[in-house]
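What follows is a walk through a predicted model.

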Amino acid sequence: MHEYEIAVLKILKKEKKVDFRELEKASGIDKDRLMWALENLKAGGLVEIQKREEKRYVLTDEGLGYLHGMPEEKLAASAAEKPIRLDSSVGKIALSWAKRNGWVEIKNGKLAATAKWKADSSKGYGQRLALESVKEGKARESEAIDALIKRGLAKPVVKVSSIIVTITPKGSGMETEAGGIGAIAREALVSGAWKKERIRPYDINAPYEAFYPARSHPLHEMIKTIRSVWLRMGFIESVGPIVESSFWNFDALFSPQDHPTREMQDTFFLSNPKLLDIDDLELLSKVKRMHKTGWKQEFNEELSRQAVLRTHTTSVTVRGIQKFANALKQNYPLRLFSIGRVFRNETIDYKHLAEFYQTDGIIIGDNLSLANLIDVLKKFYAQLGMEQIRFKPSYFPFTEPSLEVQYYDEERGEELEIGGGGIIRQEITKAMGTDRTVLAWGLSVDRLMMHRLGIPTITELYKNDIGWLRSRPSLKV
Amino acid sequence: MPTVTLALEGITTRGIDKESLPKLVDRLGMSLEKIDGKEVTIEVTPDRPDLLEVNGLTRAIKLLEGKIEPKENRYTLNGAPKLKISIGKGVKDCRPFISGFTVTGADLSGGKIKELMNFQEKLHETYGRRRKKMSIGFHNLDSIEGDVVYEASKKGSMTPLGSGKSVSFDEVMKFAGEEEWDEIIRGYGKYPHVSDGKKVISIAPVLNCEETKVTEKTENLFVEVTGTSWHTVNDAASILACLFIDSGAEVLPCSLVGGKTKQTPAMEYREFRMPYPKIDRTLGYAFRADDIITLANRMGLLAARYSSRLFFMVPPYRVDVISARDIIEDIAIAYGYERINPLPIVGTSIGTPDELEEDAESVCSALLGMGFSEALNTYLTSEAQCFDMVRREYDKESVVRVAYAKTESLSILRESIMPSLLSNLSASLQASLPQRLFEVGSVFRVEKGEVLEGRNVAMVNEHSRSNFSEIKGTVAELLKVLGISKFGLKEAKDPAFIEGRCASITVNGKTAGIFGEIHPEVLLNFGLEEPVAAAELNLEAIFGQSSK
């Protein structure tokens with residue numbers, strides 16, 4: 001028996017039945033270790049543990065945000081002011097609840113508030129009252145609470161309110177004054193007492209005292225691996241801003257200004273700050289000319305200034321081209337890489353996140369070819385243990401020729417698109433001020449990650465449940 | 001990328017068997033999403049609108065296989081125009097461009113009319129940017145009573161397709177009933193329309209008239225394309241004209257009065273020339289000139305060699321070719337990407353990491369050594385989590401905010417990492433204590449209209465005896481490991497922490513972070529019932545001082 005177990009048993013032999021908190025005080029053992037010792041005693045049939053559990057509720061951060069008004073209330077209230085056009089700005093969830101509550105109806109293609117909304121809004125909305133009761137810790141099971149849980153606004157937590165420990169007859173009969181030396185104490189060691197007394201053998205099959213190794217996040221391990229591969233291959237690391245102007249994220253990459261990816265549906269545009277300054281006016285006018293000739297359409301500088309969350313790390317790449325393509329004292333070929341977060345406006349589910357990682361690279365040099373690009377990408381993936389890749393034609397506005405990297409996942413028996421690349425269009429390199437050739441690519445990190453970890457849902461990665469972090473398998477590279 | 005669903009029968013009757021389809025489609029840079037009984041769904045790259053329809057798709061495949069050869073002047077319009085299009089008043093400032101042609105002897109029987117209509121819809125959706133930039137109207141030529149005028153006006157009347165009586169333009173809009181087109185017209189403030197002198201035959205981006213309705217028996221057609229970009233309008237008309245030529249019908253141009261050209265569609269073969277070694281250099285493979293000519297043919301391009309130069313003629317439907325590079329890519333596609341051998345780059349360089357990234361790595365390993373596990377959270381969050389839940393006040397002007405998020409709870413970029421870590425503890429209620437977490441990541445703030453992106457590290461420590469002293473020790477030892485032995489402490493006020501148990505750190509006189517015991521109300525907001533101590537430091541402030 002462990003020292004803690006012996007200490008606990010001694011107390012219990014005297015008291016028979018003890019409250020956990022009393023036991024904590026009497027034994028002087030901290031909560032977490034005490035609980036561990038009790039579980040061990042219980043497993044040996046020496047004590048019984050009665051836990052009284054209570055179901056309680058806590059708000060999620062989304063729920064907390066709605067304390068001052070649920071989206072459906074806001075929607076109905078603004079529809080009551082003036083009928084609203086039904087477009088993508090109307091939240092799906094708000095609309096469906098407002099409809100279910102009978103607060104809105106569609107009249108002439110517009111959303112209008114009903115008489116029921118007037119009646120209900122003065123009474124106070126059941127779900128919001130429930131939300132408040134959760135916040136105050138007074139919530140009890142009810143239909144409104146169930147609705148909140150389904151909507152992910154509140155969640156139930158089981159809390160232990162009291163623990164009573166009772167000793168069993170087997171426990172009472174257990175010898176706690178076992179002879180011999182238990183834990184090796186300093187005194188026993190120095191005085192030589194250990195020579196006179198027997199050192200008690202332990203049960204090697206007994207559970208060990210819990211301890212939790214610190215672990216790094218698997219995604220970070222993946223990023224570290226990728227960084228080290230690029231560094232080994234002679235690449236210089238470059239970093240760039242996450243909040244980027246549409247100029248660097250789109251225009252400089254020859255993405256036409258009326259391209260569908262430049263709509264609110266796909267890209268995160270900012271409302272604060274709405275616009276960013278473009279310092280290099282000469283470059284702006286070159287890019288403007290490139291668009292006018294290439295796409296044969298007008299170029300709007302205001303659109304260039306719109307702030308976005310970068311949709312790819314290719315924005316870092318193109319900044320790199322401008323910075324390094326003609327720098328003095330550079331040795332060519334010059335190799336650059338970056339790795340970082342990118343953003344897409346997505347409805348989050350098990351397969352989709354609004355942010356993920358990408359790694360980009362370029363090589364600036366003279367007379368570089370598509371065959372060179374294929375060589376670099378093959379070597380990169382080979383170092384990650386991925387030999388089974390192939391290349392196929394593709395299209396990106398900023399490269400020509402372009403290619404796509406396909407990886408065959410043997411375990412799942414399916415092919416995954418894991419990256420794209422090509423030779424940067426001459427229109428772009430010229431605007432950036434160089435005649436050199438630039439090979440470029442952008443590769444997905446999260447897809448490799450899911451493959452490596454074998455996790456079924458991508459949202460798992462950002463939950464950071466310590467239990468999962470502690471027990472997750474290591475990455476195989 | 002646009003996808004298109006086609007009847008499998010249309011493909012197989014044009015001489016391509018089902019088994020070899022996936023591979024051929026893949027070689028052309030498309031991908032076959034699924035074959036589903038009688039239908040096949042293909043993803044097409046957005047630069048090739050000509051492949052969004054069965055004739056164009058099978059044409060490309062048969063060329064690639066060498067089953068057909070490109071012919072000189074196959075797509076040149078030589079005949080005399082049958083119909084005149086005049087550009088009249090009012091369109092110049094709203095939807096200025098029109099291109100059109102006539103077809104005689106077309107065969108729309110069987111499923112062919114459906115194929116054509118599907119293609120029209122696809123083009124509207126993608127290339128036409130949902131009709132805003134370009135839209136197409138098909139008419140029965142035999143019902144066209146005279147030369148065509150394209151103009152715009154606020155009022156007028158038409159018998160809309162599918163209706164029996166002539167109504168005002170306003171009524172037609174209600175009949176058509178699509179908000180999107182309503183939006184386009186509202187932007188114009190008037191109705192661009194095409195008429196034949198006797199009647200209006202279409203309101204350009206919206207609807208055709210009943211009289212010129214096309215059925216599967218229609219043999220003679222008038223096709224009009226209108227829009228806001230001459231380039232797009234003419235390209236769409238050219239792709240359609242090539243489609244009818246391939247089907248064996250006779251296509252005649254229309255003469256154009258008041259437009260960019262005298263005749264529409266302007267569909268010439270475009271010529272590109274380049275020195276022969278340029279292709280080898282770009283692709284990294286030594287081709288023979290004859291091979292290049294064959295490979296160009298396989299992509300539908302005409303090619304010839306004259307001493308060391310190569311000449312290419314690009315057919316009108318290949319609207320994606322805008323420079324010599326596009327032709328080089330075609331050569332590579334025809335050759336086959338899988339056959340291109342990897343070629344090592346000559347010249348080495350030294351890999352160099354970014355300094356701050358390296359510093360961040362040393363922070364991570366120091367904290368791992370101190371028993372903290374690493375978390376990674378999303379940068380997008382909500383005001384509720386970032387501020388309200390930790391009792392922090394904020395200035396709306398200083399928060400980086402997105403204009404519209406599909407997921408409503410992602411409205412801002414985080415200004416601090418600590419709230420994310422507290423929410424991780426909240427997600428870990430099932431795991432045993434002690435729970436120690438850290439994260440190194442970006443934080444964002446707006447100052448004077450500019451976005452400041454900083455790199456922070458935050459730690460949280462939850463267990464029954466977690467306190468100020470322990471987190472102070474963590475911070476001090478971390479700084480020591482990082483080589484900073486001197487730092488200052490000041491009492492600090494931050495509503496996230498308990499007053500009197502919170503301190504700010506200064507490194508070389510600059511504020512570098514804050515730490516303390518988390519306020520009980522914050523703990524309860526996250527459903528935490530044990531004490532938590534936390535810290536957050538700014539890496540730039542720390543390393544700005546110590547790195548040099």
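Where chain B meets chain A, 93 residues of chain B are in contact with 85 residues of chain A. On the side of chain B that touches chain A, helix H10 of chain B, spanning residues 324-335, gives the most, with six residues. Sorted by class, that side of chain B holds 40 nonpolar residues, together with 33 polar and 20 charged ones.

Turning to chain A by itself, the chain is divided into domain 1, made of 3-57 + 158-196, domain 2, covering 61-144, and domain 3, made of 219-242 + 310-471. Between the C-alpha centres of domain 2 of chain A and domain 3 of chain A there is a distance of 44 Å.

How far the details can be followed is a matter of the predictor's confidence. For the model, the scores are ipTM 0.90 and pTM 0.83. Chain B has an average pLDDT of 91, and 99% of the residues score at least 70. Among the elements of chain B, strand E28 of chain B (residues 532-538) has the highest mean pLDDT, at 97, whereas helix H16 of chain B (residues 539-546) has the lowest, at 77.

Definitions and conventions:
Residues numbered from 1 in each chain as written. Chains lettered and ligands numbered in written order. Predicted model: local features only at pLDDT ≥ 70, side-chain atom pairs only at ≥ 80, totals over all residues. Contact = placed C-beta atoms within 7 Å. Helix = DSSP H or I, 4+ residues; strand = E, 2+ residues; numbered from the N terminus. Nonpolar A, V, L, I, M, F, W, Y, C, P; charged D, E, K, R; others polar. pLDDT = per-residue confidence, 0-100. Domains from an automatic or database assignment.
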